[in-house]
Amino acid sequence: MSEIRTAEEMPVRRDDPDGVVARLEEDIIFGRLPPGARLTEDALMSRYGTSRHFVRQALVDAERRGIVRREKNVGATVRFYSADEVRQIYEVREMLTRQAALMIPLPAPQGLIDELSALQQQYCAKADAQDLRGIHEANDAFHLALFSACGNPYLVSSLQDYMNLTLPMRAKNLADRDGLAQSRRQHELMIELLKGRDSWALAQLCVDHMQFSKSDYLARIGSGILR
């Protein structure tokens with residue numbers, strides 16, 4: 001696979017807080033700032049060419065998403081999850097995912113099929129272009145559109161929180177040839193299952209869909225690669 005394009009070399013405007021948040025998130029979830037790395041304000045100001053105010057905003061946002069830990073007398077660090085924590089987080093995400101999928105009325109309306117088909121085309125285009133952040137954004141857009149069809153915005157909000165929490169665990173696989181190919185096939189199968197009436201098959205596929213990245217992250221913890 002040729003080199004994945006990212007925003008790593010793009011400058012951040014000093015008056016663009018969203019740009020700082022996006023760059024910090026990207027550096028963490030794609031491994032340029034590894035788990036356990038200290039995040040000092042001065043270093044981040046220099047890294048992103050921005051103000052202390054916007055760096056602090058970015059750290060608060062990243063802490064809220066669960067990818068940064070801030071502790072008294074320690075400061076901010078990229079959050080490291082133990083194997084037990086990863087399993088527990090995925091247990092909750094799997095339960096939320098299964099429930100949301102089971103609540104989607106089948107056969108799904110044509111409008112949902114068309115929306116997901118369009119999002120899948122965007123996802124495949126980003127994958128073909130090897131645009132790592134674009135793949136991540138298109139993938140999450142696909143899943144949020146799918147699960148929003150369950151009709152319970154509180155369930156979707158909780159599910160989105162856990163999708164964000166698992167970002168550092170799953171983002172690496174967006175650049176993995178086999179993982180990305182499997183993801184594309186499973187998206188297509190989800191769309192096909194939405195046209196039928198087997199809610200249990202759809203729910204199981206949605207749960208199976210997240211196992212590749214979970215298993216890979218646990219394997220990397222076991223090998224000590226994340227430290």
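Which residue forms a salt bridge with R65, and how far apart are the closest N and O atoms? The views below get to that pair after a stop at its helix. A quick heads-up: this is a predicted model, where local features need pLDDT of at least 70, side-chain atom pairs count only at pLDDT 80 or more, and totals for chains, interfaces and linings use all residues. Residues are numbered from 1 along each chain as its sequence is written, and side-chain values use heavy atoms, with hydrogens and water left out.

View 1. Helices here are DSSP runs of H or I with at least four residues, strands are runs of E with at least two, and both are numbered from the N terminus. Helix α3 covers residues 52-65, which makes 14 residues. From first C-alpha to last it reaches 20 Å, close to the 20 Å expected at 1.5 Å a residue (the expected span is 1.5 Å times one less than the number of residues). F54, V55, A58, L59, D61 and A62 are buried in α3. Looking down the axis of α3, you'd find its buried residues within an arc of 165°, so they line one face of the helix (the arc is that of the directions from the helix axis to the C-beta atoms). On the other side of α3, H53 and R64 are exposed. "Buried" means under 20% relative accessible area, "exposed" means over 50%, and "partly exposed" is in between, using a 1.4 Å probe and protein chains only.

**View 2. A hairpin follows the helix.** Just after α3, G66 takes a positive phi of about 90°. Next up are strands β1 (residues 68-71) and β2 (residues 75-78), which run antiparallel and are joined by four bridges; two strands pair if DSSP finds at least two bridges between them. V68 has V78 in β2 as its bridge partner. Three residues sit between the strands of this hairpin, where N73 takes a positive phi near 70°.

**View 3. R65 reaches over to E25.** Here's the pair from the opening: R65 forms a salt bridge with E25, and the closest N and O atoms are 2.9 Å apart. A salt bridge is a side-chain nitrogen of Lys or Arg within 4 Å of a carboxyl oxygen of Asp or Glu. R65 lies in helix α3 and E25 in helix α1 (residues 17-29), so the pair ties together parts that are 40 residues apart in sequence. R65 counts as partly exposed at 23% relative accessibility, whereas E25 is buried at 6%.

**View 4. R220 pairs up inside helix α11.** R220 sits in helix α11 (residues 211-223). The side chains of R220 and D216 meet in a salt bridge of 2.9 Å, N to O. Both residues lie in α11, four residues apart, about one turn of the helix. R220 is buried, with a relative accessible area of 11%, while D216 is partly exposed at 21%.

**View 5. K126 meets D131.** In this salt bridge between K126 and D131, the closest N and O atoms are 3.7 Å apart. K126 is partly exposed at 34% relative accessibility, and D131 is buried at 15%. The count comes to 19 salt bridges.

**View 6. Two buried cysteines.** C124 is buried at 14% relative accessibility, and C206 is buried at 4%.
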